[in-house]
Amino acid sequence: MNDDARRGTPPKDARAVEVQELVVVVGERLQRRSDEIVASMDAAIESVVEDLGESELTDMLRASVEGNVATILHMISHDIPLDRIQPITAATEYAVRLARHGVPAAALRRAYHIGSDDLFNQVFAEIQQLDCAPDLKLELLHHFAGWMHKYVDWMTRVVLDAHEEEQRVLVQQSENVTSALVEQVLSGGAFDTEEFATKTGYRLDGTHLGAIVWIEGPAQGADQTPALAVVAETLTVAAGGGGSPLFVPVDRRTAWLWTTAGGTVVDVSRLRTAVQAVPGLRVAFGKPGVGVAGFRRSHEQAEVVRIVASTATVRHSRAVYYGEDGMSATAVLARDLATTRRFVADTLGRLAIDSPAAERLRDTTRVFLRTGGSYVQTSEELVLHRNTVKYRLQKAEDERGRPISDNRLDLELALHVCHVLGRPVLIPKEKRSSGR
């Protein structure tokens, strides 16, 4: 009884046995030429794949190639299946070193495909030298092509996982260093400006626009750091800044941001447009500041008005800027919504109701007061006929229950708070009677 019968598996047909015997023959011949094969693969990879020129990487590349070739030829010669081998230490260490040198994973993947192509050419040459029928040689080619594809697929997944994990560790280490340095600057501790620039890639001797960015929404458990990093680049462009921003993750959905401002004037509308393009994004901006003091102050201001963007339900307040008129006062009022809601109701009366009609009256009154009581400017800004403006102002007085001129400062503040925060400070609309 043969081995297959004793194991309870069907016996191999004569053709399969013959193919397997020739596989072993090819494997043994390749093993005798292993040094030549390693040199050929090594040269092929180095000639095509960029970023591998450093001497340390070159030496490790050869060690990785040697390990892969030795493993492949040993498996071929002894008919060892893939599921019985362990990842090659030299190969995984090489992937780690590439990550540390900033070499992208694409270069590693390409190196494996070029190396496998070169080895397959060597296999093809050996098959051509065999004294067997052409159709048997074709079967051998199919066998080796399928086997090499499986090996490269398995091994590239192993080394790419090692590369990705090392990149993750390096990013975390860099973030920790950056975060520690930023904390030193913000707390007023001792630090070296040149060391800060070297380790963070951001200089402190310019004009800084500080911001706090975060994402709200249903997926609160997801790590939003990669999305926020993209946002940081977008906001830098929108702010007219130069160079890369300083990005410091705080938690999985929040980050601190500084960008070199193009000047002391901020185009808030442009920043808001950039913010509104990202679902769930909220941003609080400080004012541009110069040097280390400006770096700190802009961040502090962003912290002050952050509560506004966090509380507001209106779309335009997803991004708030400390330098906007009345924003710092709104931030104070947002810290005690119950008191602020009573103030708004006492000041506006029925004008504080949460309804589209009341909102139109509030906006018209707010713009009218901001333009110094100009019917012309109010009409132009709201794109309304002058008579419509007059009608709305009269209606607003009726809903308020007193003239616009009464307690004008309180009125302006209440209207501004409603405009910025929205529903949290408004009176819920009364439910209509069902008629029964």
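**Inside the model**

Student: By class, what lines the largest cavity?

Tutor: The lining of the largest cavity has 13 nonpolar, four polar and no charged residues, where Ala, Val, Leu, Ile, Met, Phe, Trp, Tyr, Cys and Pro count as nonpolar, Asp, Glu, Lys and Arg as charged, and the others as polar. This is a predicted model, in which local features need pLDDT of at least 70 and side-chain atom pairs pLDDT 80 or more, while totals for chains, interfaces and linings use all residues. Residues are numbered from 1 along each chain, and side-chain values use heavy atoms, without hydrogens or water.

Student: Which residues lie nearest its centre?

Tutor: Of the 17 lining residues, Met-41, Asn-68, Ala-111, Tyr-112 and Gly-115 lie nearest the centre of the largest cavity, which holds about 160 Å³ of space. The elements giving two or more residues to its lining are H3, H4, H6 and H7, and the largest share, six residues, comes from H6. On a 1 Å grid, a cavity is where a 1.4 Å probe fits but cannot get out, and lining residues have an atom within 4 Å of a point.

Student: OK, what about the largest nonpolar core?

Tutor: The largest nonpolar core has 52 residues, and among those with the most contacts inside it are Leu-108, Ile-127, Phe-144 and Tyr-151. Its members are buried and joined through side-chain atoms within 4.5 Å, buried meaning under 20% relative accessible area with a 1.4 Å probe. Helices H2 (14-32), H3 (34-48), H4 (55-78), H5 (89-100), H6 (105-128) and H7 (134-187) each give two or more residues to this core, and H7 gives the most, with 14 residues.

Student: And what does Tyr-151 touch?

Tutor: Leaving out residues up to four places away in sequence, Tyr-151 touches Asn-68, Thr-71, Ile-72, Met-75, Leu-82, Ile-85 and Ile-88, a contact being heavy atoms within 4.5 Å. Apart from this core lies another, of 46 residues, with Leu-246, Val-248, Ala-284 and Val-344 among them.

Student: Switching to H14, what do its buried residues pack against?

Tutor: The buried residues of H14 (residues 356-370), including Leu-361, Arg-362, Arg-366 and Phe-368, pack against helices H13 (337-348), H15 (375-382), H16 (386-400) and H17 (408-421). H14 is followed by Gly-372, whose phi is positive, near 75 degrees. Helices here are DSSP runs (H or I) of at least four residues.

Note on methods: Buried means under 20% relative accessible area, exposed over 50%, partly exposed in between (1.4 Å probe, protein chains only). On a 1 Å grid over the protein atoms alone, a cavity is a set of points where a 1.4 Å probe fits but cannot get out, and a pocket is an open set with protein on both sides within 12 Å along at least five of seven lines; lining residues have an atom within 4 Å of a point. Grid points are joined across faces, edges and corners, and a volume is the space filled by probe spheres set on the points. The expected span of a helix is 1.5 Å times one less than its number of residues.
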